[in-house]
Amino acid sequence: MIYETFSLGKKDVFLKTYLHENFEFNPARKRPFVLVIPGGGYNHVGVREREPVALKMNALGFHAATLHYSIAPMKFPDALIDLANAVALIRENAEKWHVDSDKIIICGFSAGGHLAASLGTFWNSNFLQEYSSHSPEEIRPNYLCLCYPVITSEKNYAHEESIQNVIGSIPAEEAKKICKSLGKSDMREVVSIEKNITKDFPPTFIWHTVQDEAVPAKNTILLANALYEAGIDCEYHLFNRGKHALSLSTEESALADGSNIEKECSVWPELFINWFKEF
């Protein structure tokens, strides 16, 4: 296993890799790559959704990395640019790292799911090109895996802390320019993923729980419906039991008191790989 940490040009923004070494019997093998985006309401980067998930993805045959991205105080689209830069770095090193550059998956949790879905939405937008130094194809996510993601800014269902933190202190004139470019009325509409789905959104695997009180399941119901309407490949699992921030939902990612283990939900990585193998 190869562990390396790469700075992405800003303080506390970095990529940590978990790469398989190619064995002598198959030195040319290229693996798909899972980029893990932890949650944290855009005010911290959760520990339980970092290394445990990366190691699980390694066990399933993927290369993996975790991203520590910009958090509050910030302004939109700081975190999105961090993620775009991370994807570009992976593609830049695809040959060296033995990565299949057509199989880069972003796996986001909670607010990290919002960030992953934002790149799925905006990777080829004119708006993002104003901020990015990379071409759309360099930052394109091929697939998404969204785990209890923040999706909507609708008042009845939004995780308000995440929505406020991701928009941040963006100047009024800059916000107006972004909204005009995307044809949206305000920044809340810009960051409401289900209102920005295009035909170029990546195939997406989603899971959530009915008992999630922090990010209501309505977030992913709205997203799944929007993807269905747009004809985007989507597999959606809504489990009955389980609190927010389950991560792997096993002992490997449990809280110190042993909570956040839910056997019903712990099958999601296997469900994800079964879905992914169809591509």
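With which side chain does the side chain of T152 make a polar contact? The partner is the side chain of S192, at 3.3 Å; a polar contact is a pair of N or O atoms within 3.5 Å, where, within protein, one must be able to donate a hydrogen and the other to accept it, and residues adjacent in sequence count only if both atoms are side-chain atoms. The model is predicted, so local features need pLDDT of at least 70 and side-chain atom pairs count only at pLDDT 80 or more, while totals for chains, interfaces and linings use all residues. Residues are numbered from 1 along each chain as its sequence is written, and side-chain values use heavy atoms, with hydrogens and water left out.

T152 lies in the loop between β6 (143–147) and α7 (160–167); helices (H or I, at least four residues) and strands (E, at least two) are DSSP runs, numbered from the N terminus. T152 counts as buried because its relative accessibility is 0%, where buried means under 20% relative accessible area, exposed over 50% and partly exposed in between (1.4 Å probe, protein chains only). The T152 side chain also reaches the backbone nitrogen of E154 at 3.1 Å. Contacts (heavy atoms within 4.5 Å) of T152, not counting residues up to four places away in sequence, include Y157, A158, I163, S192 and N219.

H208 belongs to strand β7 (residues 204–209) and is likewise buried, at 0% relative accessibility. Its side chain has a polar contact of 2.8 Å with the side chain of T220 and one of 3.2 Å with that of D212. Beyond four places in sequence, the residues touched by H208 include Y148, P149, N219, Y236 and F239.

The largest nonpolar core holds 64 residues; such a core is a set of buried Ala, Val, Leu, Ile, Met, Phe, Trp, Tyr and Cys residues joined through side-chain atoms within 4.5 Å. L15, L35, F76, L83, W97, L119 and M187 touch the most other members. Helix α2 (residues 78–92) gives the most to this core, with 10 residues. A second, separate core has 27 residues, among them Y18, I105, C145 and A245. L119 is in contact with L80, L83, A84, V87, I106, L128, I139 and P141, leaving aside neighbours within four places in sequence.

I178, in helix α8 (residues 172–182), is buried, with a relative accessible area of 3%. With residues up to four places away in sequence not counted, I178 touches F76, F127, Y131, I170, M187 and V190.

A search of the whole structure finds one cavity of 30 Å³ or more. On a 1 Å grid over the protein atoms alone, a cavity is a set of points where a 1.4 Å probe fits but cannot get out, and a pocket is an open set with protein on both sides within 12 Å along at least five of seven lines; lining residues have an atom within 4 Å of a point. The largest cavity contains about 40 Å³ of space. Its lining includes Y42, M74, F76, L115 and V166, and α2 gives the most to that lining, with three residues. The largest pocket has a volume of about 220 Å³, volume being the space filled by probe spheres set on grid points joined across faces, edges and corners. Of the 17 residues that line the largest pocket, G39, G40, H44, H244 and A245 lie nearest its centre.
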